[in-house]
Amino acid sequence: MSEALVVKTMEEFVAQGKQPEILFWVGSAGSYDDRAKKISRAFVKILNKASVDFAVLGSEESCTGDVAKRAGNEFLFQMQAMMNIEVLNGYEIKRIVTCDPHSFNTLKNEYPSLGGKYDVVHHTQYIKELLDSGRLSLEGRVYKEKRITFHDPCYLGRANAVYDAPREILKKTNADIVEMKRHKKTALCCGAGGAQMFKEPEKGDMDINVLRTKDALETNPNIIATGCPYCNTMMTDGIKAHEKEASIAVLDVAELIANSI
């Protein structure tokens, strides 16, 4: 992305005596993983284009603790959560947007009981708000007549029943949206959730991400779209396993929208 992206920290906002519209929670993957960083940049491009006054925590943001909790280390999760809640409450944060369904689920459903109550929104829901309110518009030529299939991330779909937002904004690209047999409530996991991302798969006939990519390939897509950095990694690996990386792209919804602005 050639244009300069404008990203301010909460510290800068406070120094000016101002509050941002939203806090963009970047998440561990979006901060450190080279592929996921492109998703973060695409979302910032969208926020800049829509003139959204947003902030990030920068070096004050720590892991939400999702991975520790799923792996069974509740003590570490609570330590990480309490540190984050202290920072968020100190800044009087009201609304958080994130590209990571794992962070979304943890901040939305698991932080309130520890004293962290926020309005937490997934980036696909927020992009839909920007499009619906007219703050963002797409030119709709880039993906015209392309076939896109959307893979539902577990923590977005089945865990939080967010199915429509990603599909509605994908339709605005004028692409042909094709559904896998297993989608929405019956969608299959990509295989990275529950801290599985950081360990080798168990023995079996086929890795789950290869099986899920097979579901996607049956729709004969040009692009597999997803709304989660973990899913993106797993589907990309699945495409490589099926030797289709030359003909099929795996892109986050934010990247598809950023390319359509």
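## Strands side by side

Two strands count as paired if DSSP finds at least two bridges between them. Keep in mind that what you're looking at is a predicted model. Here, strand S2 (residues 22-25) runs parallel to strand S4 (residues 95-98), and the two share 3 bridges. One spot to look for is phenylalanine 24, which stands opposite valine 97 in S4.

S4 also has strand S5 (residues 119-122) as a partner, again in the parallel sense, with 4 bridges between them. Arginine 95 has aspartate 119 in S5 as its bridge partner. To get from S4 to S5, the chain goes through helix H6 (residues 101-110), and this β-α-β crossover is right-handed.

## Rings that meet

How many aromatic pairs does a search of the whole structure find? The count is 2. Start with phenylalanine 24 and phenylalanine 43: their ring centres are 5.1 Å apart and their planes sit at 70°. Planes over 60 degrees apart count as edge-to-face, so that's the label for this pair. Phenylalanine 24 belongs to strand S2 and phenylalanine 43 to helix H3 (residues 34-49), so the pair links distant parts of the chain, 19 residues apart. Are these two buried or exposed? Phenylalanine 24 is buried, with a relative accessible area of 2%, and phenylalanine 43 is buried too, at 0%.

Then there's phenylalanine 77 with tyrosine 111, a tilted pair with 6.4 Å from centre to centre and 55° between the planes. Phenylalanine 77 is in helix H5 (residues 74-90), while tyrosine 111 is in the loop between H6 and S5, so this pair ties together parts that are 34 residues apart in sequence. Phenylalanine 77 is buried, at 2% relative accessible area, and tyrosine 111 is buried at 0%.

## A charge over a ring

Now hop over to lysine 8. Its charged end sits over the ring of phenylalanine 13, at 5.4 Å from the ring's centre.

Which residues line the largest cavity? Among them are Trp25, Gly27, Ser28, Cys63 and Thr64. The lining also includes Asp66, Val67, Asp100, His102, Ser103 and Tyr230. Several helices take part: helix H2 (27-32), helix H4 (66-70) and H6 each supply at least two residues of that lining.

How values were computed: Residues numbered from 1 in each chain as written. Predicted model: local features only at pLDDT ≥ 70, side-chain atom pairs only at ≥ 80, totals over all residues. Heavy atoms only, no water. Right-handed = clockwise from strand over helix to strand, strands pointing away. Phe/Tyr/Trp six-rings, centres within 6.5 Å; stacked < 30°, edge-to-face > 60°. Buried < 20%, exposed > 50% of the residue type's maximum accessible area, 1.4 Å probe, protein only. Lys NZ or Arg CZ within 6 Å of the ring centre and 35° of its normal. 1 Å grid on protein atoms, 1.4 Å probe; cavity = no way out; pocket = protein on both sides within 12 Å on 5 of 7 lines; lining within 4 Å.
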